[in-house]
Amino acid sequence: MTTTVETSKRKFSKLAWLSICLTFFIELSHVRSFPSYNGTISLVAFYTSAQHDTDALLRGAAIFLILGSLSIVADIIFCAVWASEILNGYTGVVKFSLAAFIINIFVKAASLYSAVIVTAVASSTGVAEELCASDEGDYGSD
């Protein structure tokens, strides 16, 4: 089961790195200001994926799920308010930053799904380990 947790964490980590890279592309725009919290959300995801302790992994994933969900809602609102103005009034780098911003929304959604998978696998592995530990204790006392 440990390899399943490690595989899930590795996929989660790759998505976090992709989101960090997209955040750098988003910040290239010097004319139009884009929300800057995406880098922080990506760092939370990367920090969570680096945890080796199951409890810390579950806590970090819960925090990421909350912050990531809120940031996706805020990103959608930002796009609804400003996307048409950016597409009609700006050229070049600003449109590229908007495209990276929209792609990052989908990457964060995939990261949220990956965090749910990591949480499910880690919690089931933790429960299985606790059951095995309690079974060993019961057999040793007989």
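Start with Glu6 and Lys9: they form a salt bridge, with the closest N and O atoms 3.7 Å apart. The term takes a side-chain nitrogen of Lys or Arg within 4 Å of a carboxyl oxygen of Asp or Glu. This is a predicted model, where local features need pLDDT of at least 70, side-chain atom pairs count only at pLDDT 80 or more, and totals for chains, interfaces and linings use all residues. Residues are numbered from 1 along each chain as its sequence is written, and side-chain values use heavy atoms, leaving out hydrogens and water.

Stay on helix H1. Glu6 and Lys9 sit 3 residues apart there, so about one helical turn separates them. Helices are DSSP runs (H or I, at least four residues), numbered from the N terminus. Glu6 is partly exposed at 32% relative accessibility; Lys9 is buried at 4%. Buried means under 20% relative accessible area, exposed over 50%, partly exposed in between (1.4 Å probe, protein chains only).

Next, select Lys108 and Asp75. Their side chains meet in a salt bridge, 2.3 Å from N to O. The pair links distant parts of the chain, 33 residues apart: Lys108 in helix H4, Asp75 in helix H3. Both residues are buried. The structure holds 2 salt bridges.

Now Phe101. Beyond its neighbours within four places in sequence, its contacts (heavy atoms within 4.5 Å) include Asp75, Phe34 and Phe78.

Finish with the largest nonpolar core, 26 residues. Such a core is a set of buried Ala, Val, Leu, Ile, Met, Phe, Trp, Tyr and Cys residues joined through side-chain atoms within 4.5 Å. Select Phe12, Phe34, Phe64 and Phe101, which have the most contacts inside it. H4 gives the largest share, 11 residues.

Key:
Helix = DSSP H or I, 4+ residues; strand = E, 2+ residues; numbered from the N terminus.
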